[in-house]
Amino acid sequence: VEAGAKMVDFGGWEMPLAYGSQLEEHHAVRRDAGMFDVSHMLNIDLRGPDARPFLRRLLANDVARLTVPGKALYSCMLNFEGGVIDDLIVYFFAEDDWRIVVNAATAHKDLAWMRRVAAAGHFDVTLQPRRDCAMIAVQGPNARAKVWEARPAWESATRDLAPFNGARVGESTLVARTGYTGEDGFEVVLPAGQAEALWRDLAARGVRPCGLGARDTLRLEAGMNLYGQDMDELTQPGEAALTWTVSL
């Protein structure tokens, strides 16, 4: 609000639609760097000795391919008919230590389904929703350099990250080379109390605040699916052009 955002309701969250010109925000991400507050998305810590077999039961894509700590995988979580309950990202850190990031509008039903599958399969796992975390996506050709300007201590742990990999920096922050715009950049998950300082430090270095409008045009231009529009529980992954090769 202080930055002039037009606020709208989005799945029960008060979210910025745009901070002025949606077109300028779109171009800022394509040409320089923009940032999105995506703290409405839910991070879930998955722990326990059965985490990997649980995820192989839960997801359409195969987590067997995740063997390097920090590696991430995009997948869909399906119902009994093969319909998409949600699309999500899962990060591997250790056999008993994983992170799942789900969409805001589906977070409640996602957790319920995960717990149902865990109970039905007698998997020894725990699921901890991390509502204490905030999430800021910094996207664009200069995004990573801007993050390092704002947080120099993070550079050594994140400079060599390949796309779709994340690194824990400090005790409670995850910096992942992922995003939803088609551009390079980072998604930063950090304690909620630290989010405002990071946002202001990035803005001071020329990173433009961006809203839901630009986020939608950027992902559409990049050909990325949106849950609830391109897929839902009546849509199987193949019908939404989401297919994966199974590791045998």
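Predicted model: local features only at pLDDT ≥ 70, side-chain atom pairs only at ≥ 80, totals over all residues.
User: Which residues other than glycine have a positive phi, for example at H122 or A241?

Analyst: Both of those do. H122 has phi near 55° and sits in the loop between α3 (107–120) and β8 (126–129). A241 has phi near 60° and lies in the segment after α7.

User: Is H122 buried or exposed, and how do you know?

Analyst: Exposed. Its relative accessible area is 71%, and the rule calls a residue buried under 20%, exposed over 50% and partly exposed in between, with a 1.4 Å probe and protein chains only. A241, at 68%, goes the exposed way too.

User: Why is T173 called buried?

Analyst: Because its relative accessibility is 6%, T173 falls on the buried side. T173 is in strand β11 (residues 173–176). Apart from neighbours within four places in sequence, T173 is in contact with W154, A167, R168, V188, V189, L190, P191 and Q194, where contact means heavy atoms within 4.5 Å.

User: Which residues of α7 are buried, and what do they pack against?

Analyst: L212, G213, A214, R215, L218 and R219 are buried. They pack against β1 (6–10), β2, α1 and β3 (34–37).

User: Why is the Y19 and W199 pair given the class that it has?

Analyst: The structure holds six aromatic pairs. In this one the ring centres are 6.5 Å apart and the planes are at 35°, so the pair is tilted. The rule pairs rings of Phe, Tyr and Trp (its six-membered ring) with centres within 6.5 Å; planes under 30 degrees apart are stacked, over 60 edge-to-face, and the rest tilted. Y19 is in the loop between β2 (13–18) and α1 (22–31), W199 is in helix α6 (residues 195–204), and the two are 180 residues apart. Both are buried.

User: What makes Y91 and F93 a pair, and of which class?

Analyst: Stacked: the centres are 6.4 Å apart, with 15° between the planes. Y91 has a relative accessible area of 3%, so it is buried, and F93, at 12%, is buried as well.

User: How do you know that a charge sits over the ring of F93?

Analyst: The charged end of R168 is 3.8 Å from the ring centre. The rule asks for NZ of Lys or CZ of Arg within 6 Å of the ring centre and within 35 degrees of the ring normal. R215 lies over the face of F36 as well, at 5.9 Å from the ring centre.

User: What makes a space a cavity, and what makes it a pocket?

Analyst: On a 1 Å grid over the protein atoms alone, a cavity is a set of points where a 1.4 Å probe fits but cannot get out; a pocket is an open set with protein on both sides within 12 Å along at least five of seven lines, and lining residues have an atom within 4 Å of a point. The count comes to one cavity of 30 Å³ or more. The largest cavity holds about 50 Å³, and its lining includes F36 and R215. β2, β3 and α7 each give that lining two or more residues.

User: How many residues line the largest pocket, and which lie nearest its centre?

Analyst: There are 34, with D87, N103, Y180, R215 and N225 nearest the centre. The pocket has a volume of about 900 Å³, that is, the space filled by probe spheres set on grid points, which are joined across faces, edges and corners. The largest share of the lining, four residues, comes from α7.

Definitions and conventions:
Residues numbered from 1 in each chain as written. Heavy atoms only, no water.
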